[in-house]
Amino acid sequence: MMASKPKDKGTDHYAKGSAELATESALLLKKLSHRLELTQDTDRLVVVLIGLPGRGKSFLSRKLQNLLQWLGHDCKIFNVGKYRRQIEEGKGAGADFFDSKNANAAALRQEVARVALEDMLRWVDNPFEDSHANGEVDCGVIKRPAPKGRMRVGIFDATNSTKERRDWVLEECTDEAKRDGKPPGVIFIKSICDDADIMRENFLTKVSKSPDYADMSVEDALADIMNRSKKYEEAYETIEVDGISYIKIFNLSSKIMLNHIYGLFAKSIVPALMSWNIGTRPIYLCRTAADTPKKEHQTPTRQRQTLVLSKRESLDSVGVSFKDALRQFMRKECMDFAHRREMETKPIRPPNGAFFNGAASENRIEYILAEISDKDDRLFACHIATSTLPRTCETVASDGMPSKELFNFNPLDKGEFTGMPMAEVEEADPEWCESYVSDPSFTRRLNHPPKMPIACALRFPGGECQADLMLRLEPMIVCLEQQVDPVLIVTHTSVLQALVAYFRNSDVEKCLDVDLPLNTVFKFTPAKGGGWLETQHCILPEKNQGLETLAEE
């Protein structure tokens, strides 16, 4: 019996469109063929940077490496300029070295690029091989094979400014004979900057740090790098090939263009690329206000106080003291930031000051203007977000401190073990605890008890694993990176460990080693190179005495 064709009965085509069953024609399949190739699962990827000198390529490389490693992937940068300086034994190269008409220099540049590319592809192809930062293979270090879902990403950081060079890189990466029948995916990222002010700032940063200009004055170094840029521009060819995957970023993410970008890059990397900026806003992270210990836990060597609270617990007098101290600390920090910014430039409202709720802040400019004096204790500009748990919300509850309650910042759900110190977990379920101790981040998927299902070994019984938490926090990282004003996040131990690991440029497997002292605010301020500078501020030191451990909700 043939299925009857669905009929449109009073369908509002403007509201819902046609209700006719979608079909795939030969034309549609032809159009989708390239997308089908690009959306296949891959565990290896090559990212090729494109751009003239001083356009932010290395900045993007470092930010991308940090994000991918934090997400649990293997990622390594292969900077061709670093290889060149190694061959030259640390000697800098003048602008004439980058002249396309200089045949000898062009041959040397190509040879250096070849060595760097071969090192990168060797590293990408071999999951058991580790490398030092300079690209030299260390055969004495053997890495474990990558677990399912873990990618190996090589970043080829060079100008790659001509079509001939890019075609060569693409051919080397996708040659099935050289890649043992399994070539990695290839994505080009082109950084474009035509803003004279931004370019000058970039040049100043580059000449102050690059070994090429170690023995030159600032004026001479600026003249040389501008001349070098012109030499590249003479041979520069833009990327316009429609059949390859590429991303174009204009003026440090103020504009972005995509071509054939799907999968991991569309979901994770593109939003991150759009969020990264060179602003100076600080990010503040702290734990929920701690209360008076409710129980004591006896260990074999000593007795220590452990704070165990329910998810519905409210602040007591100790927690309120931290709340008041946090408010005063943040007010001073934000007012100081506002005054420094006011001295640098007049306030300019951006076209979109969106934060977690996607809406522009109405009071974004007020804190800079003279209407708010040093004696005003009510208003200061700071984006504040917390988890949805009562104690965390109460930690920032105050007039003039509006905040967003987001489930993304809720603690790792430990299921049946919620609120239990690990010593109690070991008593309750020694078999599961043994699996946890062997791989607490749950990224290796090894050493789980043979009789225990993998799904149980990866997660707390009835709860989450570390990978689940990272998925929740990934969009929050984008939100934090895109801000131009101070941000305060008040949350819990497991979440803070993951966030601190990101700002320290650590991978996911190291986040559980992060120490989080009580009553302490972590301050992260952007560095010019793409990293973050960390300071710690204990705002209630006297309250830390006698309280060593805080068991999370």
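At what angle do helix α4 (residues 80-87) and helix α5 (residues 103-125) pack? In this predicted model, local features need pLDDT of at least 70 and side-chain atom pairs count only at pLDDT 80 or more, whereas totals for chains, interfaces and linings use all residues. Residues are numbered from 1 along each chain as its sequence is written, and side-chain values use heavy atoms, with hydrogens and water left out.

Helices α4 and α5 pack at an angle of about 120 degrees, and their axes are 9 Å apart. Axes are lines fitted to C-alpha atoms, for helices over the stretch in contact, and angles run from 0 to 180 degrees between N-to-C directions. This angle makes α4 oblique to α5; angles under 35 degrees count as roughly parallel, over 145 as roughly antiparallel, 65 to 115 as roughly perpendicular and the rest as oblique. The contact (heavy atoms within 4.5 Å) is made by Val80, Tyr83, Arg84 and Ile87 of α4 and by Val112, Ala113, Val115, Ala116 and Asp119 of α5. The crossing of α4 and α5 is right-handed: a crossing is right-handed if the near helix is turned clockwise from the far one by less than a right angle, and left-handed if anticlockwise.

The secondary structure of the protein chain comprises 16 helices and 17 strands. Helices (H or I, at least four residues) and strands (E, at least two) are DSSP runs, numbered from the N terminus. Of the 553 residues in the chain, 47% are buried, where buried means under 20% relative accessible area, exposed over 50% and partly exposed in between (1.4 Å probe, protein chains only). Among contacts between residues at least 6 apart in sequence, 69% join residues at least 24 apart.

Helix α16 is mostly covered, with 11 of its 11 residues buried. These buried residues, among them Val495, Leu496 and Phe503, pack against α3 (57-70), β9 (283-287), α15, β14 (487-491), β15 and β16 (532-538). The angle between α3 and α16 is about 150 degrees, with axes 9 Å apart, and the two helices are therefore roughly antiparallel to each other. Their contact is made by Asn66, Leu67 and Trp70 of α3 and Ala498, Ala501 and Tyr502 of α16. The crossing of α3 and α16 is right-handed.

Helix α15 (residues 466-481) has 16 residues and spans 22 Å from its first C-alpha to its last, close to the 22 Å expected at 1.5 Å a residue; the expected span is 1.5 Å times one less than the number of residues. A kink of about 35 degrees lies at Leu473, shortly before the proline Pro475. The bend at a residue is the angle between axes fitted to the seven residues ending there and the seven starting there. Helix α15 is mostly covered, 13 of its 16 residues being buried.

Positive phi values occur at several asparagines. Asn505, with phi near 60 degrees, follows α16. Asn519, in the loop between α16 (493-503) and β15 (520-526), has phi near 55 degrees and counts as buried at 7% relative accessibility. Asn160 has a positive phi of about 45 degrees although it is not a glycine. Asn160 is placed in the loop between β5 (152-157) and α6 (163-174) and is buried at 1% relative accessibility.

A further buried loop residue is Met401, with a relative accessible area of 5%, located between α11 (390-396) and β13 (404-405). The C-alpha atoms of Met401 and Met330 are separated by 9.9 Å, although these residues are 71 residues apart along the chain.
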